Amino acid sequence: MKDVVKGTSITKVWIFRDPDGAIERLGKSGVPADKIREMFPDRLVDVKEVKGNVFLNEGIQFIWQAVTGQTGLTYFGSNSCLGVGDGTAAEAATQTGLQGTNKYYKQVDSGYPQISGTSVVFQATFGSTEANFNWFEWTVANGCGDTYVNLNRKYAVMGTKQSGATWILQVTLTIS
């Protein structure tokens with residue numbers, strides 16, 4: 001008999017026109033992106049969804065340290081950040097953060113992360129003036145920067161964020 005542990009990921013990016021900052025304010029206050037979509041259907045430009053990611057070795061080691069009480073810093077509360085970048089390297093377990101030149105880490109929205117069964121959902125709202133470059137990679141980290149522990153990383157072309165748009169990034173990680 002063989003034990004199997006599976007880690008999966010679903011990432012969504014909601015792209016909104018946001019000339020007055022209303023979408024940004026709602027996202028940062030913790031309103032889920034799908035609810036904002038219902039409230040402002042005329043401002044929704046696109047929703048992109050990507051499945052899969054790589055859990056990074058440093059993130060897996062950190063999980064085991066947390067389980068055994070060997071670390072005090074967690075991914076939750078004010079330490080949780082989502083990072084986006086323009087790196088084009090394929091994801092690999094040995095990486096320790098974003099790989100690109102342009103990078104932007106953002107604290108998760110109010111009320112996030114949220115745990116549901118064996119999944120955890122991270123959501124961060126990137127306003128009109130934030131992370132305006134090609135989004136080719138993202139990560140979940142326990143602080144806002146590459147020097148913190150990055151739990152996972154994914155490479156996929158999500159588009160180019162520009163001024164005047166608010167993008168809401170939501171990463172759902174599941175272990176089963």
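**View 1. Lys 106 is buried in this predicted model, at 11% relative accessibility.** Lys 106 forms a salt bridge with Glu 130, with 2.7 Å between the closest N and O atoms. The pair links distant parts of the chain, 24 residues apart: Lys 106 lies in strand E5 and Glu 130 in the loop between E7 and E8. Glu 130 also counts as buried, at 12% relative accessibility.

**View 2. A salt bridge joins the side chains of Arg 153 and Glu 137 (2.8 Å, N to O).** Arg 153 belongs to strand E9 and Glu 137 to strand E8, 16 residues apart. The relative accessible area is 0% for Arg 153 and 0% for Glu 137, so both fall under the 20% limit for buried residues.

**View 3. Glu 91 and Lys 154 form a salt bridge, with the closest N and O atoms 3.3 Å apart.** Glu 91 sits in the loop between E4 and strand E5 (103-107), and Lys 154 in strand E9, 63 residues away. Glu 91 is partly exposed at 22% relative accessible area, whereas Lys 154 is buried at 12%.

**View 4. The largest nonpolar core has 26 residues.** Leu 82, Val 84, Trp 135, Trp 138, Leu 169 and Leu 173 touch the most other members. Strands E1, E4, E7, E8, E9 and E10 each give two or more residues to this core. Contacts of Trp 135 include Val 13, Val 84, Phe 126, Met 158 and Leu 169.

**View 5. Five strands form an open sheet in the order E2-E1-E10-E7-E6, with antiparallel pairing.** Strands E2 (44-51) and E6 (114-116) are at the edges with a single partner strand each, so one side of each has no neighbour in the sheet. The twist from one strand to the next averages 15°. E1 and E10 are joined by 11 bridges, and Trp 14 stands opposite Ile 168 in E10.

Terms used: Residues are numbered from 1 along each chain as its sequence is written. This is a predicted model: local features need pLDDT of at least 70, side-chain atom pairs count only at pLDDT 80 or more; totals for chains, interfaces and linings use all residues. Side-chain values use heavy atoms; hydrogens and water are left out. A nonpolar core is a set of buried Ala, Val, Leu, Ile, Met, Phe, Trp, Tyr and Cys residues joined through side-chain atoms within 4.5 Å. Buried means under 20% relative accessible area, exposed over 50%, partly exposed in between (1.4 Å probe, protein chains only). Helices (H or I, at least four residues) and strands (E, at least two) are DSSP runs, numbered from the N terminus. Contact means heavy atoms within 4.5 Å. Two strands pair if DSSP finds at least two bridges between them. Axes are lines fitted to C-alpha atoms, for helices over the stretch in contact, and angles run from 0 to 180 degrees between N-to-C directions. A salt bridge is a side-chain nitrogen of Lys or Arg within 4 Å of a carboxyl oxygen of Asp or Glu. Lists of a residue's contacts leave out its neighbours within four places in sequence.
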